[in-house]
Amino acid sequence: MDRYTPIFVNTSGKKCCVVGGGRVAERKIKGLLHAEAQITVISPELTPILKQLHHESRIQWIDRSYRNGDLRGAFLVYAATDHSEVNSTVVRDAEAVGILVNDAMSSEHSSFITPSVVRRGRLSIAISTAGAGPAAAAEIRATLERQFGDEYETYLEFLHQMRTEVKSRVSSSSLRSTLLRQLTEMHILEDIRTGHFRWWTEEEIGDWISRNQEEV
């Protein structure tokens, strides 16, 4: 993992190519759909699920084997066939024009890898073992899913709402930071878990900001 820089890449609205139409490609495509990418699949065959996605116009399908030039305009690429020589060709073509590429059969030949992800609304936790232990990654993900339950989705939406309000009402950046830190020290998560949480009104938000500004 020393040669990887962990980042979250914005693929919304960007062209992403997936070469291959099997189960591996299906998993990659589901992740891209979640990220609102514009997906082009290049493969003579598709799984039933991918055919349905194409029927729903959620993915574009080029119904043939991969050819040089198919990656033109792509932001990133998955080489997800079950033929190593095809994947290697896709990797070589992508790297020649500076496109991020993942070889589903070989992390060693990939410029990026796709981690396992725990999602709770605005919260995303990525787990990767760089291909060394998929079972271990799955176990770690299960542990994190138990530790970070659905309450975090509500919690982070609340923090986002409060951050937006604090930024619009408080001009001092240092005071804003202090107020936002105070929010994380409150028992909001516990209130959500026990069913005692309710969303604050604009008046309550204003009162909280005014009261805590005076105390700083």
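This is a predicted model: local features need pLDDT of at least 70, side-chain atom pairs count only at pLDDT 80 or more; totals for chains, interfaces and linings use all residues.
Local features need pLDDT of at least 70 and side-chain atom pairs count only at pLDDT 80 or more, while totals for chains, interfaces and linings use all residues. Residues are numbered from 1 along each chain as its sequence is written, and side-chain values use heavy atoms, with hydrogens and water left out.

Five strands form an open sheet in the order S3-S2-S1-S4-S5, with parallel pairing. Strands (E, at least two residues) and helices (H or I, at least four) are DSSP runs, numbered from the N terminus. Two strands count as paired if DSSP finds at least two bridges between them. Strand S3 (60–62) and strand S5 (100–103) are the edge strands, and each pairs on one side only. From one strand to the next, the twist averages 20°; axes are lines fitted to C-alpha atoms, and angles run from 0 to 180 degrees between N-to-C directions.

Strand S4 (residues 76–79) pairs in the parallel sense with strand S1 (residues 15–19) over four bridges. Cys 16 has Leu 76 of S4 as its bridge partner. Val 18 stands opposite Tyr 78, also in S4. Four bridges join S4 to S5, and these strands run parallel. Here Tyr 78 has Asn 102 in S5 as its bridge partner. The chain crosses from S4 to S5 through helix H3 (residues 84–96), in a right-handed β-α-β crossover. Right-handed means that, with the strands pointing away from the viewer, the path from the first strand over the helix to the second runs clockwise.

In a regular strand, side chains alternate between the two faces of the sheet. Both faces of S4 are covered. Leu 76 and Tyr 78 are buried on one side, Val 77 and Ala 79 on the other. Buried means under 20% relative accessible area, exposed over 50%, and partly exposed in between (1.4 Å probe, protein chains only).

Helix H6 (residues 173–184) has 12 residues. Its span from first C-alpha to last is 17 Å, close to the 16 Å expected, a value set by 1.5 Å times one less than the number of residues. Leu 175, Thr 178, Leu 179 and Leu 183 are buried in H6. Seen down the axis, the buried residues of H6 fall within an arc of 145°, so they line one face of the helix. The arc is taken from the directions from the helix axis to the C-beta atoms. Their cover includes helices H5 (151–169), H7 (188–194) and H8 (202–215), with contact meaning heavy atoms within 4.5 Å.

Glu 202 lies in helix H8. Glu 202 counts as exposed, at 59% relative accessibility. Its C-alpha atom is separated by 52 Å from that of Met 105, 97 residues apart along the chain.
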